[in-house]
Structure formats: C-alpha cells, structure tokens
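Subject: Structure for you to look through

Hello,

Below is the structure I said I would pass on. Please open it first, then read the notes that follow.

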Amino acid sequence: MDAEITLRVDGEAHRLTVDTRTSLLDALRERLGNTSPKKGCDHGQCGACTVLLDGDRTLTCLALAVAHDGAEITTADGLAPAGELHPVQQAFLDSDAFQCGYCTPGQVCSAVGVLAEFERGWPSHVTEDLTGRPEMTHDEVAERMSGNLCRCAAYVNITPAVQQAGGAR
Amino acid sequence: MKPFAYARPGDVAEAVRDVVAEPNAVFLAGGTNLVDHLRLGVARPDLVVDVRTLTSREVTDLPDGGLRLGAASTNSQVAADPRVRERWPVLAQALLAGATGQLRNMATTGGNPLQRTRCVYFQDVTTPCNKREPGSGCSAVGGYTRYHAVLGTPAALPDPTAPETCIATHPSDMAVALAALDAQVQVLGPAGERTVPFTELHRLPGDDPSRDTVLEHGDLITAIDLPALPAGTRSAYRKVRDRASYAFALISVAAAVTPDGDLRLALGGVAHKPWRATRAEEVLRGQQLTEDAVRAAIAAELAAAQPQPGIDSGNGFKIPLVARTVLATVRGLPPEEQS
C-alpha cells in the first residue's frame, strides 16, 4: 500500500510515494540515492544507519518512512554541505578514527548527537552524579557511542576523535 | 514483509476506534520493537495505527508532587528530566541502562513497557513458540535459557509441548523501576479511560502466554504517573549483563528505601513480568535493613525459584546472582541525608 510523503533531507525537500513498509533507511538510499546512511544489520543493533532526525540521532532502519512525513533529516553527507568538513568529521580524519569506513557516517551522526546531548547536560549510564553536569571523559563518550559498532574495532581512535570534536566546539 | 495499511488518525479517541474496528490492527509509537517484528514476521498486522504524534510528549507535575509522563515522551527525555534525576533516580538509571542513545531517542514511555520478550525462539519464526503461535509449544525449555525466567514458572522443566508453557522474561529496564515505584498507567480503551497499577499491567503466562499484559485490543496507554515518594527516599537501579553496555539484563534490581526504612524492591530478567518482590518486602517490614535481614528476605522471595536447565548449564546462576545484586544495590544506595 502506497503513501505520499515529504522528506527534507540535507536541506532539500523531496516529495515521494512510498510503500508503507519502506524504512526511512531504504527511502533515503534506494529512493533518494543518498547512500550516506549505511545498512548494517537492519535490526537496530549496529548504528550504521544513524542520521539526525529533527535534530536527534535516530536509527533509520527502525523508522517507517510513512511515519515521518515532513521530517527534517541530516545525514553525514549533509554535515559538510559545501565540502567543508564538520568538526566531528575533521576530528575523525585527524584521529584516524576508522579503517574500512562503512560505519563512519553513522558514527559521525551519532557523535554529533552525543555532543548535543553533552551540551544539554544529559546524563548517561556511567554518570556518577545524576544531578550534576557530566564531563566528556573517555568512559562517558565510550558509553554514549556504544550503539555504533565498528567491526574494524577503530574504537581506540573513535572515542578520542569525539572528545577532540567536543573540546574544539 | 506482509503489506499493511497505515493510518495516523486525528486524535487518540479516533486511534482507539480504528484499532477496535480492525481485529488485526496494532498501535505504532517509537517503532523500535514493532518495526523489527514487522521485518522478522513476528508481527503481521493488516493495519498500523500511528499514535506517536497523538499522545502527549510532555512530562508534567501532578498536584500531589508526582509526575505524569506523557505516552510519547521519549526514554532519553525522561532520563534527562531534572525532576526524574533528582526525585526518582532509580527510573533515570533504569532508562539509561537500557538500549543506546539512538534507541532511547525513539523509544517512548507508552511503548517501552509493551515491548515483547527477546527470547530467541519468540523472535525466530521457524521455531515453535506459544507466545508467537499459541499452541505450537515452547522451544526454550531445555534450550538456550540464559535470559529466561526463574520465577513465576510452574516447574524446572515444564512440558515443552503444552500450550501454556512459556519461560520468557520481560526485557524492559524501565518497567522494573516503574514496578518498584508503584507507577500508575493511564489507559484509554473502547469503554473510556481507566487507571491500571503498573504492577498489575503485565501478567504471568497463565493459560495464554501470547498475552504479555492485561490490556485488551484497542487499549492505548496515554500516560504513566509516578506517585510522589516520601521526602528523603533513596533509590537505585542495578543491572547485570553480559557486556558493559547495550545488552539486555541477565537480571536487574530496582530498589527504593523510604526514610522510615521501608524497602520497595523489583527484579528484572527473572520472570514473564517485572517482578515486584512483595514477599521480601513483607519479611523486611518493620525491620532494620541489615545485610542479614536483606539476605533472609531475598532468600524468602527466591524460595520458589525454578532454575531452568539448558545450553551452557541453563540459568541456575540467576538465583545467587539476584541475591547478591539485591544486597549490592541496597548497600550502594546514597547515604541518608542528615537532618
């Protein structure tokens, strides 16, 4: 069954007809040709499909496109609109925070979300004092990035990259 | 994936009517569990009614000092709410122990308690499962039981062919905290609004393991209320899992101690429902919370526990683990405020 929706992706509006079963991930990749978000597990377990949906980091494989009519989506591609890298992207390059790169667009979007969550003072599972303001320690960043798997295990460089981007903001 | 119609009605009353009118309809909120089940073939609805933008996203103060969590408030939002962090830390900790940042941004207050078990056989449509296919049997008995129940089950080796057999556990962390906090569930159904105590929302398998809760077809959670705790109540959530982050609980403990020394205790990962440890609470009533007293109380709670045999020695490890984790949770509560 089909439905007509509008998605605003990386600043550009798109009107499209989707089968109600289409995930946001498939709509982005297969219908709009935006291959920045990746399909890893397609079960919400790996984080490769992470984008910023109305500002919040979100898994597009577990979102139905039809349920997000009118949504504002930013992919890793859209973080560098004129080819100028986002501070998180630059930090990933500086820290060599990848090997194969497949998980990287999801890692980058997730990291942008993590920095915004620090900015808002959100706690995490490893925050000792829930009523205080969490600091951007290694353990805090690693916990917050735990939804993004890297099968090359570049974690030792990803965590410092996120910290660097956070410090540079 | 089986085709389905999608509807986003104008308001919650219309959403309830839409679901009531279609026997094979489901509500959709954050979608973190349902969309996966659509893909796996575990859920095969004809109609999906999207309520995510219909219920409230607000977290509001109640006149008696409690808090109302709108059904569409997200797990991230509730965990970060300063009121929850200050006054119901057990709930903030439970939420933060669950899933990942991305999933918590999607998952909602109304949807989280209604997520289904992560029993591997329930999620594998090629295996018999009484919860997914009533009457087909239970594949978990004698199988992979590491994440399965030790409380509320009839026997240590139930009949895997019996239609009532189910040894699955409820996977939510949030629900364990809500059970300890005596939360109240606001429900809109075909006959109007009603309030269901959170501890009565989930059910044991009984004679119908396909039903996780007492909600009927068309019943919609519109909010969950946190009653005020006595001033000075200390609370905490402790979760034991196979890796340090992003894993379901093997077992978990939610505990709250009032200034009078009353302990409210709930256990996760041990039963078909979030398990309020009423027997342990009764044993402790009026007693000092010494380690020996807590140890004796949890032993009373676990007296009826049934370890399930299975692959990798089954799940008997949960019984001593629960006892030790309850003790560690109570011991780890913040010190009492001196007045």
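**Chain A: a hairpin and its sheet**

Strand 3 and strand 4 of chain A pair in the antiparallel sense over four bridges. Here helices (H or I, at least four residues) and strands (E, at least two) are DSSP runs, numbered from the N terminus, and two strands pair if DSSP finds at least two bridges between them. This is a predicted model, in which local features need pLDDT of at least 70 and side-chain atom pairs count only at pLDDT 80 or more, while totals for chains, interfaces and linings use all residues. Residues are numbered from 1 along each chain as its sequence is written, and chains are lettered from A and ligands numbered from 1 in the order in which they are written.

Within this pair, A:Thr50 has A:Leu59 of strand 4 of chain A as its bridge partner. Two residues lie between the strands of the hairpin, and A:Asp54 takes a positive phi near 50° there.

Strand 1 (residues 2–9) and strand 5 (residues 72–74) of chain A run parallel and are joined by two bridges. A:Val9 has A:Ile73 in strand 5 of chain A as its bridge partner.

**Chain A: two domains**

The domain assignment, automatic or from a database, gives domain 1 (2–75) and domain 2 (87–168) in chain A. Their centres, taken over C-alpha atoms, are separated by 22 Å. In the contact, 13 residues of domain 1 of chain A meet 11 residues of domain 2 of chain A; two residues are in contact if their C-beta atoms, placed from the backbone, lie within 7 Å. On the side of domain 1 of chain A that touches domain 2 of chain A, strand 3 of chain A gives the most, with three residues. The residues of that side divide into six nonpolar, four polar and three charged. For these classes, Ala, Val, Leu, Ile, Met, Phe, Trp, Tyr, Cys and Pro count as nonpolar, Asp, Glu, Lys and Arg as charged, and the others, Gly among them, as polar.

**Chain B**

Chain B is divided into domain 1 (5–49) and domain 2 (57–333), with 24 Å between their centres over C-alpha atoms. The contact takes 15 residues from domain 1 of chain B and 19 residues from domain 2 of chain B. Helix 1 (12–21) of chain B gives the most to the side of domain 1 of chain B that touches domain 2 of chain B, with five residues. By class, this side has nine nonpolar, six polar and no charged residues.

Three strands of chain B form an open sheet in the order 1-3-2, with parallel pairing. Its edge strands are strand 1 (5–7) and strand 2 (25–28) of chain B. Strand 1 of chain B pairs with strand 3 (residues 47–50) of chain B over three bridges, and B:Tyr6 stands opposite B:Val48.

Further along, helix 9 (residues 291–301) of chain B has the buried residues B:Val294, B:Ala297, B:Ile298 and B:Glu301. They are on the same side of the helix because they cover an arc of only 95° around the axis, the arc being that of the directions from the helix axis to the C-beta atoms. A residue is buried if 20 or more other C-beta atoms lie within 10 Å of its own, exposed if 12 or fewer, and partly exposed in between, with C-beta atoms placed from the backbone.

**Between the chains**

The contact takes 30 residues from chain B and 33 residues from chain A. Helix 6 (101–106) of chain B gives the largest share of the side of chain B that touches chain A, five residues.

Regards
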